Each structure stands twice: as C-alpha cells, then as structure tokens.
Amino acid sequence: MTQFLIRRLFWAIFLFFAATIITYLIFWVIPADPAALAAGKSATPADIARVSHFLHLDEPIWRQYLRFVWNLVGHGSLGHSFVNRQSVDATIAKDAPVTASLVFGGAIFWLSLSIPIGILSAIRPRSLMDRGAMIFVLIGISAHPVWIGLILSYVFGYRLGLTPIAGYCNFFTGTEGAQCEGPLEWAYHLILPWITFMILFAALYVRLIRANVIETMSEDYVRTARAKGASERRVMTQHVLRNSMLPIVTILGMDLGLALGGAIFTESIFNLPGLGHEIINAYNTADLPMITGIVVFSTVAVIIFNLIVDVTYGFLDPRIRPS
Amino acid sequence: MPALEVKDLSTSFRTDDGIVKAVSGVSFSIDQGKTLGVVGESGSGKSVTFLTVMGLVDPRQADVSGSVLLQGEELLGVGANRLREVRGLTIGMIFQDPMTSLNPVKTIGWQLEEAVLIHQDVTRKDARRQAIEILKQVEIPRADQRVDDYPHQFSGGMRQRVMIAMALINGPDILIADEPTTALDVTTQAQILRLMKRLQDENKMAILMITHDLGVVAELADDVIVMYGGKVVEQAKVDDLFAKPEMPYTWGLLASLPRLDSTGGRLEQIPGQPPSLLNPPSGCAFHPRCPYAMSRCRTELPELRLSPQGEGHRFRCHLEDEERTRIWQGKHAALVGEDAA
C-alpha cells in the first residue's frame, strides 16, 4: 500500500509539471500582450513597458516558469493576478465551492437518473422503455450545454418563473453583502444548472450503464447463479450490479475530477461565479497566473479523484485489493 | 423410471439473420446412477440441449418443443418458480470454464452458502458449515480457511472443484457437466474425472457428461449419444460405440483420436466445417463432409434406425449394412495397423 502511494505521488508530481509547462508554452505561443491588457486602454507605451517589467513579462518564459514554481514550492502561493493583483489562492478558494456545488449536485442528479434507467433498459432491451431512453440519450449527447442551459433558463426561469434565471447564493449564511444565502436559496438557484448537467451526463451514463449491465448479464458466473436456482432479482442484485458498476466508478472519478476544473459552459450560462467562469475571464485578459492556478487546481482534482477511484476499487473488487 | 427422459426436443433461436435450429428432435434417457456421454463438435447443439432442459434459454429468443421428463414430471412449460426449485436442488450443473464461472467479487464461501440458502431453510451459520463440509468432500485442502478466499486465489483445477462442490451441495439426483475438463490441463483433468466418479458412486446420481473428448467418454460414460448439426446421429452403449461405430461421422471422430498402439503418421481429420445451423445442408447434415455420400444423402434425412447389433444401438446413415461393415473393418485395420494383422 505504501509503495502504491509513493508511485502515485511520483505520478502526481510528473502530471503537475506536464500540465503547468504546457500551460506556459501555450501562453508563450499565443499572440497576446498581457501587459497591455493589464495596463488599460489609455496606457502609453512607457506605461506598458513599466507594467511589463513589474509583472516580470520582460523576462524569458522559462524564468517566468521557474519563478512560478519557486513561488509555489517556496511560498506555497500560486501568485497574483496580472489584472487586479488579487491572490490566486484566495480567488480559487472562493470559486471552488461554487463549482463543487454544481458538479457534486449535478452528479447526484445524473446518477440517480441514469442508474435506474440504464439498468431497466438493459433488462428489457428493445422495449418501449429502452427505446425511449435511447431517444433521450441521443438528445442529451447531441445538444450543446449552452443550448440546453439557455432553453431551460428561458422556459423555467423567464417564461414560467419557476426558478431563477441565473445567479448563485452561498450555502452557508453570514457572507457580507450577500443578496441571498442559505441551503434553500442555494439549491433553488442551482436547480437549473444541475438539470443542465444531468441531461448532459445522464445521456452518456445511461448508455454506459446499459452496455455494462448487458455485458455482465452474459457472463458465465451469471449463468452459474441461474443454474443454482437464484431468482432474477437475486441474480441482478447480487451478481450483476456490483460487477457492472466497476467500470462506472472509474469513469465517474475521471468526470468529477475534470468537471471540478471548471464547468465552463454551464457556469457561463447561469452566471455562476465558479472556476469555469473565472478561467474564461482570465483567458480574455491573458491573466497567466490565474489560468495556471486553475490548471494546477484541476490537475490536483483529477489526481485526487483517481486516487479515490483506486481506493474504492479495492473495496469493490477483491482481485486488485492490495494484500 | 429414468432419472431424466428427453423426447423429441427442439430448440430454435430467432435471430436477425433468421431461425437457427440449434437442436432438432433430440431424444434420450438416463437412469439413476448412470453416466450418459454426449459427444459432438462445437455448434452440434449439445450445450443448448442441456440449457433447454434446465430452462436456461431465454424464451424471448427461443422456441422450444418436445418433452423433458424429470423423474416423470414434465419440465417444459412449467412456471419459472418450479424451474428454479429444480435448478440446483434436483439438477446440479457445472460449466466448461472454471475461470469465469465464479463471481469474482464474492468469496467462495458466500457463493456456496447462496446455493444452500436458496433451497434450504437453514441459518447462514449452518449453510457455512455445509459449505466447508462439501469443500472437504471435493478434496480442497484447508477447507475451513479457504472458504473465505475469493475465486482468483484458486487455481483452475481448484475452481472446478469449487464448481462441482456448488453443484452438489444440495445433493442433486442429476449432475449436468458441460465440458468440465476442457479448460484444464491433462493431470488436473484426470483428477477431476476421478473425483466425479467417486462422488457419483457415493451419491448415486446420474451424470450427463457433455464433451468433445472421446477419452472422457471412454473413462466415465455408460452410454453415449453423438450429436451433429443439432441432431442425434448415433447412440449406443459406450463399448459398442468404440467397438463398432455405425456411421461415417463417428468413424471420423474415432479416427482423429491419437492411439498408443498406432503405427504413427498423421492423424486423420474430418474435412470441411461443421454445418451452419442457419442454413443447414439438405438431407443428411453430414453429407458435404462425408466421403461415402450418395445422391440420396443430399435429399433425404436418414432415420435414426436400429443397428443390426441391437442393444439399443441406433444411428443415422443410408449406407447398406454390408457396406458399412466393410468400410469400418478397413478403417479399423488401418488404425490399429500391424496389431490387427
């Protein structure tokens, strides 16, 4: 187990460098002038040069990268935004709960829809239920989240007035200057983003779960269970489900890790102040420290979720349990 | 009364490409304590026959007709509940591949206990005691510890022992073994066969041994049926089948066996491929591969007729009696070589 964790840690360090170096390289390649953007519209060339020097943008890119690494390792800091000089750490700490609310809430929504539908369509392939589910899947996979989000917001928020059109409220009360707060308001404002997420992911997961359950049902040990005289119900609950959910755990872990890096479209549509929203702003202002900070955060999220998946797998599947 | 009697059993699968007649008009019976060997190549319908007997073919995909009498009770068409009672309690079943036939995420003990708890009204503790007891009977060392291990912690031969234990834990009257030794190495095969024989002697059960290995049949079976293209093409007592097989397909099977007393040289093989069950050949299904085929074989399916040797030896072939005797004697001499001369 220790050996496994050490190997994992080396992988994590490697991934960290790979992701951040690539971010810096891309930033270096794209023709943006962050100093000009940061200096503002009425800045003179002298102002821009001063800003450029202040932000260390006049240094070669590898020195900027080393400066970033030194800041992170030596001071535990992701640096400060080019644009408003705010700490990247603080910004991520403020944004991450919003994205996490969206992603985890959405995951509960999409799983509680796709698991029963996936299993039912696997048990009765080609039935009315199965075909209906497949139409839903097709729509969910084909439709763009921006379109789904806008339609939902228009119909339920604007036309019917059942939900807010956009916006976010904190789960915990006590934030200064907050217009709304508390769990109820929080869920009320997130319901449409969750549904947007659900339609998007449930489509993929229904398909995935259906395929896995069908595959597991043709396994030899399922036939063995039937030959023992087990009822269909017992065959499903005791033999098929756990085995067919194993691959789902892997994919769920990856999806959660990835989505935590910023659900860009959904956050933009519903104006949720999360990481996806932040990275779009940072991109528009060529705010390298902010972009790198969010990349580091999502890399760490992916690594952590993969670790969680591996540990969960050990519980679910005795074959890979470290003994 | 026979332990199991199958009459005129047919199973066809509806597929997107058409109807596949996997089994057509198969009849046989087996008495308590006896072993029936069922021989045939892949796709001959032998496995489907027994999945049908067990009610394990999906009624949404398959049409079944005929009669399956279990100790006189008709099984075809009875409800799912009665079939579940039969499975695992009256009929135990073991399968070809022990590596994939056990659930990988449950312990051996759990899977054995499940078999007990489905059919007996006992506590889990009692079920566990029975599980350990049966593991000892199938000669698994340190059974009381190994009961908590997972399938991947066992070797192939040990897993097949666990499968046998699971099939026998409720003391069935009939054991259906579908190629139980095919996936095992030769020494393990011999051990498993010896174990099955011992357990049969102790429990007086009937064994249906489905196999493509004539060596297994010679070792274990009292009677044999040979299947080809979903039909029974020859049935006999095991000694009769090996001494005087009556039809060209069986000749081919026997000729393709390596023999200790042979003079060496290449083994004979049956030319061609097993028949497609979607578009089976007209007449006798074996005629495209048969070196003795006549024009009649292409149009007319031979009846399952009684051999002149009698004793329930039946076969399907249009060849005349003298002709068959002459061909087999020639083949037999060639097989045994100098020994016969």
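User: How many bridges join β1 to β4 in chain B, and which way do the two strands run?
Analyst: In this predicted model, strand β1 (residues 4-15) and strand β4 (residues 62-70) of chain B run antiparallel and are joined by 8 bridges. Within that pairing, E5(B) stands opposite L69(B) of β4(B).

User: What order do the strands of that sheet take?
Analyst: The sheet in chain B is open and has 4 strands in the order β2-β1-β4-β5, with antiparallel pairing. β2 (18-30) and β5 (73-74) of chain B are at the edges with a single partner strand each, so one side of each has no neighbour in the sheet.

User: Switching to the contact between the chains, how many residues does each one put in?
Analyst: Chain B contributes 23 residues to the contact and chain A contributes 18 residues. On the side of chain B that touches chain A, α2 (80-86) and α3 (108-119) of chain B each supply at least two residues, and the largest share, 4 residues, comes from α3(B).

User: And what classes are the residues on the chain B side?
Analyst: The residues on the side of chain B that touches chain A divide into 12 nonpolar, 6 polar and 5 charged.

User: OK, cores next. Which residues have the most contacts inside the largest nonpolar core?
Analyst: That core has 89 residues, and those with the most contacts inside it are L112(B), A165(B), I174(B), L208(B) and M209(B). Helix α6 (residues 156-168) of chain B gives the most to this core, namely 8 residues. As a general background, nonpolar side chains in soluble globular proteins tend to be buried together.

User: What is A165(B) in contact with, leaving aside its neighbours within four places in sequence?
Analyst: With those neighbours left aside, A165(B) is in contact with L112(B), I134(B), L135(B) and V138(B).

User: At what angle do α5 and α8 of chain A pack?
Analyst: Helix α5 (residues 88-123) and helix α8 (residues 183-217) of chain A pack at an angle of about 35°, and their axes are 5 Å apart. The crossing of α5(A) with α8(A) is right-handed, and their contact has, by class, 23 nonpolar, 6 polar and 1 charged residues.

User: Backbone now: which residues other than glycine have a positive phi?
Analyst: Two examples are N271(A), with phi near 55°, and E139(B), with phi near 65°. For context, most residues other than glycine have a negative phi.

User: Where do N271(A) and E139(B) lie?
Analyst: N271(A) lies in the loop between α11 (264-269) and α12 (275-284) of chain A, while E139(B) is found in the loop between α4 (124-137) and α5 (143-146) of chain B.

User: Why is N271(A) classed as partly exposed, and what about E139(B)?
Analyst: Partly exposed falls between buried, at 20 or more other C-beta atoms within 10 Å, and exposed, at 12 or fewer. N271(A) is partly exposed because 16 other C-beta atoms lie within 10 Å, and E139(B) is partly exposed because its count is 14.

User: Last one: is T237(A) buried or exposed?
Analyst: T237(A), which is found in helix α10 (residues 232-260) of chain A, is exposed because 12 other C-beta atoms lie within 10 Å. T237(A) and V29(A) are 208 residues apart in sequence, and their C-alpha atoms are 54 Å apart in space.

Key:
Residues are numbered from 1 along each chain as its sequence is written. Chains are lettered from A and ligands numbered from 1 in the order in which they are written. This is a predicted model: local features need pLDDT of at least 70, side-chain atom pairs count only at pLDDT 80 or more; totals for chains, interfaces and linings use all residues. Two strands pair if DSSP finds at least two bridges between them. Two residues are in contact if their C-beta atoms, placed from the backbone, lie within 7 Å. Ala, Val, Leu, Ile, Met, Phe, Trp, Tyr, Cys and Pro count as nonpolar, Asp, Glu, Lys and Arg as charged, and the others, Gly among them, as polar. A nonpolar core is a set of buried Ala, Val, Leu, Ile, Met, Phe, Trp, Tyr and Cys residues joined through C-beta atoms within 7 Å. Axes are lines fitted to C-alpha atoms, for helices over the stretch in contact, and angles run from 0 to 180 degrees between N-to-C directions. A crossing is left-handed if the near helix is turned anticlockwise from the far one by less than a right angle, and right-handed if clockwise.
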